[in-house]
Amino acid sequence: MVEGITGQLADVRAILEPRLPAAPRADAGAGDQSDRVPATLDHLPYLYRDWGWPPQADGENERALALVERVFDNRCPGRTLVMGAGACRLAYDLYQRHRDAELLVMDLDPVLFSAAHAVTHGETLTVREANLEMGDLDQAAKEWVLSAPQGPVDDARFHFLVADAVDPPLAPGSFDTVLTPWFIDQGPEDVRDLISTLHRMLKPGGRWVNLGPLKYSLNVPFSRRFAREELFDLAERAGFRAGPWQSESGPYLVSQLNGRGKTEWVLAFSATKLVSNEPGTGLRNDDPPPWLLFRHLPIPTFEGQALFWSEASMVRMVVSSIDGRTTLDDIAVMVAERARQPDIPMSQVRTAVRECLQNVHPACRAGG
Ligand SMILES: C[S@@+](CC[C@H](N)C(=O)[O-])C[C@H]1O[C@@H](n2cnc3c(N)ncnc32)[C@H](O)[C@@H]1O
């Protein structure tokens, strides 16, 4: 067991080494960055599953691809952004199946992405699966050989980007499809913020395609752990038409070394970005306005705005920024710049701006 685990760490080091700077940076280890890096060793099973396991008629990789294709009606996804792409097998399979598609895969995990980059560029890697919970003696460790089953990708059509997918450094309206595989409940603290990003990234008529459970990270408050119906309701308020969708239960990361793993409920759906800018069909009178929930929608001006006065300069600033075009995000950026406290996460600034708007904007007060 000890040999297996130390061997596994050596494999991870070998994956990362070519990407690391020759000399560690002077500020390495400073700050709290390490807290924010995903638990990369927990993610290793994605590597064995995506690139090590042999093909199976109803295997986990095959089921994932089939579900996505079903809600997407087997169309060509065009220019596609894959958020939290992990070890990238689903993206690779879509690439192989749709020769006209161009994919940009995005993730924060350096191990998964380094390995995925090597494998999709024709390299063969070996990574040991090792565990401390063996039933039979021969379950202590297994060496997986990772390779891309249909050969390397073309760099002109398959791109890697290490970046935060909730705030991607990409031009708006660039994609025909955004795919969120096992991501919406793990990546963002507030899925409404991600919905705004998705809306912004897609071209009008573009598709958001999702696959995965709604099993939110522990740091997501209960009030933001949205169920399917609530998620669809939010998507419609943000300017999407939700559907078709499908859900099913199936095996998830069931180890082929020791047979342990989970059965998981997953939801697959596609939602189309509406061409018109009119979000929020079927809103009730007491519903909060969509521009308060989502950060990509323009905030309307209100009667008496020019005469508005508050002792708090931030409140005055928020109100004076409303011109019928600015969004919650635009105002949050201005507030953050004014506050000059770079450590405050933008999600907190947005919450503060939301609270402020809720107190001062008549449309919010009317809506309760
Ligand atoms: C549950 S895993 C799913 C991986 C892959 N999509 C799959 O289906 O196998 C979630 C992935 O999201 C990535 N991730 C989490 N937060 C992220 C963020 N803010 N931006 C980009 N990737 C993120 C993690 O590194 C991890 O690879």
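Me: What makes two residues count as in contact here?
Reply: Their C-beta atoms, placed from the backbone, lie within 7 Å. By that rule L103 is in contact with T80, V82, A91, L94, Y95, R157 and F158, leaving aside its neighbours within four places in sequence. The model is predicted: local features need pLDDT of at least 70, side-chain atom pairs count only at pLDDT 80 or more, and totals for chains, interfaces and linings use all residues. Residues are numbered from 1 along each chain as its sequence is written.

Me: Why is helix 3 called mostly covered?
Reply: A residue is buried if 20 or more other C-beta atoms lie within 10 Å of its own, exposed if 12 or fewer, and partly exposed in between. In helix 3 (residues 44–52), 8 of 9 residues are buried. Among them are L47 and W51. Helices are DSSP runs of H or I, at least four residues, and strands are runs of E, at least two, both numbered from the N terminus.

Me: What makes the 81 residues a nonpolar core?
Reply: Such a core is a set of buried Ala, Val, Leu, Ile, Met, Phe, Trp, Tyr and Cys residues joined through C-beta atoms within 7 Å. The largest one has 81 residues, and L47 and L103 are among those with the most contacts inside it. Helix 6 (residues 110–120) gives the most, with 6 residues.

Me: How do you know that this core lies between the domains?
Reply: Domain bounds come from an automatic or database domain assignment. Domain 1 (37–124 + 150–273) and domain 2 (290–367) both give residues to the core, so it lies between them.
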